[in-house]
Amino acid sequence: MGRAVTVATCALNQWALDFDGNLERILRSIEIAKHKGARYRLGPELEICGYGCSDHYYESDTHLHSFQVLAKLLESPAAQDIICDVGMPIMHRNIRYSCRVIFLNKKILLIRPKMILANAGNYRELRWFTPWSRARHVEEYFLPRMIQEVTGQETVPFGDAVLATKDTCLGTEICEELWAPSSPHIEMGLDGVEIFTNSSGSHHVLQKAYIRVDLVNSATAKNGGIYILANQKGCDGDRLYYDGCAMISVNGHTVAQGSQFSLDDVEVVVATLDLEDVRTYRAEISSRNLLGSKVNPYPRVKVNFALSCSDEICVSTSEPIQWRYHSPEEEICLGPACWLWDYLRRSKQAGFLLPLSGGTDSSATACIVYSMCHQVCLAVKNGNQGVLTDVRKIVNEDTYTPEVPQEFCRRIFTTCYMASENSSQDTRDRAKFLAEQIGSYHINLNIDVAVKAVVGIFSIVMGKSPQFRVSGGSSRENLALQNVQARLRMVLAYLFAQLSLWARGMPGGLLVLGSANVDESLRGYLTKYDCSSADLNPIGGISKTDLKSFIQYCIENFQLTALRSILSAPPTAELEPLADGQVSQIDEVDMGMTYAELSIYGKLRKVAKAGPYSMFCKLINMWKEICSPREVASKVKHFFRMYSVNRHKMTTLTPAYHAENYSPDDNRFDLRPFLYNSAWSWQFRCIDKQVANLESKEAKPLCEDVD
């Protein structure tokens, strides 16, 4: 009877449709797994083509190239004498499935289609795939000729089955199946499956790792067993960052943990486990054994192979470990930084340009780029040759080696303070001081000439000159003059991104970074096509509250003392005239709400699925100590008016790192109209009626006391 088994899981930085790169990373993970003694290797969901192919799944090319890569894997000497479990799309009876293909020594053992698809939030799997709905049913799948020529097989099992090796039994789950109320591992465990595997394409959200780890550990805590989870990592071509966290758990305890954020394209996690620990753990759970005696058996695919070795007595097994979680501030520091690095190296650009205003948001964005430079230098110091190769391509210098973040930052990061007559000396100094500390190449310029030229054109054509409110202008004039400044900054940002390196005698162009936070996007407190319009926005899914905490983290961990004055200053757009040289415009006053209130509105609107009336009902209890029902009603109405009037701005929102579940991203995550009836007449009448009822109840005891 086999006891000690060595298994491997991995986190791979796959890229949608990068079949060459994906193949190379899969093969490298198999080689590392074998080198570490593993006899089973698990990879992420749809790793052959990359998870984020989206509508490319409709194309026959995607399926053709996936099978071509599978043929290469089957033929590879590296993939011999180890069970390999890889993911790819497969058409069966003209129906497209997301599948695991499990093979050993040039023979496909089983194709297991995904049974429960993810179709909420950022996931749209039902758009491209169909779930396999026939539990414990297996059919024959006719292999393409290119695969038949390698395996010598005409057909292979396709469906919901488990693998029975000489020493144990393995069952497969795919990503969402772990998160479902009735996960397959429950019945598989009752049927004697001892090793559960899960291939995931799970993206990062702040503090989501807690949930994922709890799900994995709880999967085997009640039922016993070994759970192996693989996940994609990195940016594979869109707004999401897949955060690794490959792990192995036994009987409810984590025994091996991969990193959540790193620049390693291939990370392999290996553990050696004693199957007898599973068997003895299960033996004393009488309720499990009673249920197991009545369970419907799974079809078993017999495999003439053992995961354990004959000389296993002296093999030491992996011990439980304490999972190390990152704080939210660490996650903001690391996740968007890794996402930016993937985007930079894969877009083949020479760096980033950021309009740095000296405020919290643009400063937080600058700190994320600095964190990226820090991670790059650390990876190079630790011998990551792939990162060093990418660095040299980016800076166009074959012998360059980054040693300190500030020096690398100056090579790839340009910051630009775009002053106007409405800018204060304080924000100019803050931007300059921060740029000096992080090492960016910093530009100071003044946009007044451009602003006057554009406004002058309007005045010549229309015969009228708009004025700011302080000079007697209307609200419309005041807003238009602010928007001209904001939009010209966007135009100049792209001009300098394209030509500033050329002017410095350096090759390449720069990616423009935006810095609108998730709260401002939700409220619409931004100018359409201003500096929020960029190539990328690393903070677009992060709240102002979290960004302030992140700024404090950077002060303490990166010793960026310039951030102290930035953190203490009130947020301001600096688009209206100064009053005696001091800022007269404050963001929270302009918005008519605080950032703390905006975070609450955002969570209630998206996470709690609350419309105006439901939000009012929740907030009269949440805020009963600080606001009357009428005040709550006024705040809720104001938020929904501003949200609906400005929702059209979300259609042009810069692609942003997804970090919060209340993101208003219009592309895929938060699907809403962008033309609303902003009067909300019916909804607001319901609120008014409830306010009147509450006020009458409060007034009635008062009248009785007077009598």
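Visitor: Which residues of α1 are buried?

Guide: Happy to start there! In this predicted model, the buried residues of helix α1 are Phe19, Gly21, Asn22, Leu23, Arg25, Ile26, Leu27, Ser29, Ile30 and Ala33.

Visitor: What do the buried residues of α1 pack against?

Guide: They pack against strands β1, β2 (40–42), β3 (83–92) and β15, and against helices α2 (60–75) and α10 (328–347). As for α1 itself, this helix covers residues 19–35, and its 17 residues reach 24 Å from the first C-alpha to the last. That is close to the 24 Å expected at 1.5 Å a residue. After α1 comes Gly37, whose phi is positive, near 90 degrees.

Visitor: Let me look at β15 next. Why is strand β15 described as largely enclosed by the rest of the structure?

Guide: Start with the general idea: in a regular strand the side chains alternate between the two faces of the sheet. Now the case here. Strand β15 spans residues 266–274, and eight of its nine residues are buried, so the strand is largely enclosed by the rest of the structure.

Visitor: In which sense do β1 and β15 pair, parallel or antiparallel?

Guide: Antiparallel! Strand β1 (residues 4–12) and β15 are joined that way over nine bridges. To find the pairing on screen, look for Thr6, which stands opposite Thr272 in β15.

Visitor: Now the rings. How many aromatic pairs are there in the whole structure?

Guide: A search of the whole structure finds 24 aromatic pairs. Take Trp323 and Tyr325: their ring centres are 6.2 Å apart and their planes stand at 40 degrees, so this pair is tilted. The general idea is that a pair of aromatic rings is described by the distance of the centres and the angle of the planes.

Visitor: Which residue lies over the face of Tyr441?

Guide: That is Arg504, at 3.5 Å from the ring centre. Likewise, Lys544 lies over the face of Tyr595, at 4.7 Å from the ring centre.

Visitor: And how many salt bridges does the search find?

Guide: The whole structure has 34 of them. In one, Glu139 meets Arg134, with the closest N and O atoms 2.8 Å apart. Glu139 counts as buried at 12% relative accessibility, but Arg134 is partly exposed at 43%.

Visitor: Where in the chain are Arg345 and Asp265, which also form a salt bridge?

Guide: Their closest N and O atoms are 2.9 Å apart. The pair links distant parts of the chain: Arg345 is in helix α10, and Asp265 is in the loop between β14 (253–257) and β15, 80 residues apart. Both Arg345 and Asp265 are buried.

Visitor: Which residues are linked in a network of salt bridges?

Guide: Arg605, Lys606, Arg647, Asp670 and Arg672 are.

Definitions and conventions:
Residues are numbered from 1 along each chain as its sequence is written. This is a predicted model: local features need pLDDT of at least 70, side-chain atom pairs count only at pLDDT 80 or more; totals for chains, interfaces and linings use all residues. Side-chain values use heavy atoms; hydrogens and water are left out. Rings of Phe, Tyr and Trp (its six-membered ring) pair if their centres lie within 6.5 Å; planes under 30 degrees apart count as stacked, over 60 as edge-to-face and the rest as tilted. A charge sits over a ring if NZ of Lys or CZ of Arg is within 6 Å of the ring centre and within 35 degrees of the ring normal. Buried means under 20% relative accessible area, exposed over 50%, partly exposed in between (1.4 Å probe, protein chains only). Helices (H or I, at least four residues) and strands (E, at least two) are DSSP runs, numbered from the N terminus. Two strands pair if DSSP finds at least two bridges between them. The expected span of a helix is 1.5 Å times one less than its number of residues. Contact means heavy atoms within 4.5 Å. A salt bridge is a side-chain nitrogen of Lys or Arg within 4 Å of a carboxyl oxygen of Asp or Glu.
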